[in-house]
Amino acid sequence: MNEVKVKVLVVEDEASIRKFIAINLERSGFDVLEAETGEKAVEMAEAYKPDVLVLDVMLPGIDGFEVCTRLRDRMPELIIIMLTARGQDIDKITGLELGADDYMVKPFNPRELTARINTVLRRMERSKLPEDVPLEYKNLVMDLKSQKFFKDGREIELTPTEFSVLKMFMSNVGRALSRNELFNSVWGKNYFGDLKTLDVYIRRIREKIEEDPSKPRYIETVWGYGYRWCDK
Ligand code: CA
């Protein structure tokens, strides 16, 4: 079988932790690359085009947030999973706001990391199924085939997770979607995440697509319930 392996770049300065993660990912069938600094991570990401970046926040030189910022726009398809220290709750939100797809709190079970990576990959596979008809809403077009999103004919770059969230809305015009329903459809029922993660994504999507994110025209908040793609 000539299966192409999913390429993962592990960025962590502490060699023992990095090796531990790398060995476990290799055992799970991933093709693993390692970087010990942020600078090296940016360089390697551009040279080797990994599918997944496992990125520690605390790094010498440029930190994980800066790496995430530098790569996010240039590599919108890259799956970024941030590693945060226990007790640094603010880091989780910061990472997601900068465009990370998920985060893990150290120390973690490496099998859990594999599961998270597979969840994001499955989500991307699912949303990549050939669908010839683009989703359209007024001046917005979502091309499911190429995973591209356009507003007034101009492309707006979305991360894979942002794309999945927006796809849920554009497939359910006018219907109020509960936060749980949205969360489960994007992250899966077995994902023990925080619903706040969803709110962070909504905020980011609004910033990208709304004229005035504080007075959203597309994604309306349904207080105490969730969100609705307006049908005004
Ligand atoms: Ca570190």
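This is a predicted model: local features need pLDDT of at least 70, side-chain atom pairs count only at pLDDT 80 or more; totals for chains, interfaces and linings use all residues.
**View 1. Five strands form an open sheet with parallel pairing.** The strand order is E2-E1-E3-E4-E5. Strand E2 (31–35) and strand E5 (102–106) stand at the edges. Each has a single partner strand, so one side of each is left without a neighbour in the sheet. From one strand to the next, the twist averages 20°.

**View 2. Strand E4 pairs with E5 in the parallel sense.** Strand E4 covers residues 79–85, and five bridges link E4 with E5. Which residue of E5 is the bridge partner of Met82? Look for Tyr103.

**View 3. Four strands form an open sheet with antiparallel pairing.** Here the order is E6-E7-E8-E9. Strand E6 (135–137) and strand E9 (154–155) are the edge strands, and each pairs on one side only.

**View 4. Strands E7 and E8 run antiparallel.** Strand E7 spans residues 140–143, and strand E8 spans residues 148–151. How many bridges join E7 to E8? There are four. Leu140 stands opposite Lys151 in E8.

**View 5. Helix H6 packs on the four-stranded sheet.** Helix H6 (residues 160–170) touches E6, E7 and E8. The direction of H6 makes about 115° with that of E7.

How values were computed
Residues are numbered from 1 along each chain as its sequence is written. Side-chain values use heavy atoms; hydrogens and water are left out. Two strands pair if DSSP finds at least two bridges between them. Helices (H or I, at least four residues) and strands (E, at least two) are DSSP runs, numbered from the N terminus. Contact means heavy atoms within 4.5 Å. Axes are lines fitted to C-alpha atoms, for helices over the stretch in contact, and angles run from 0 to 180 degrees between N-to-C directions.
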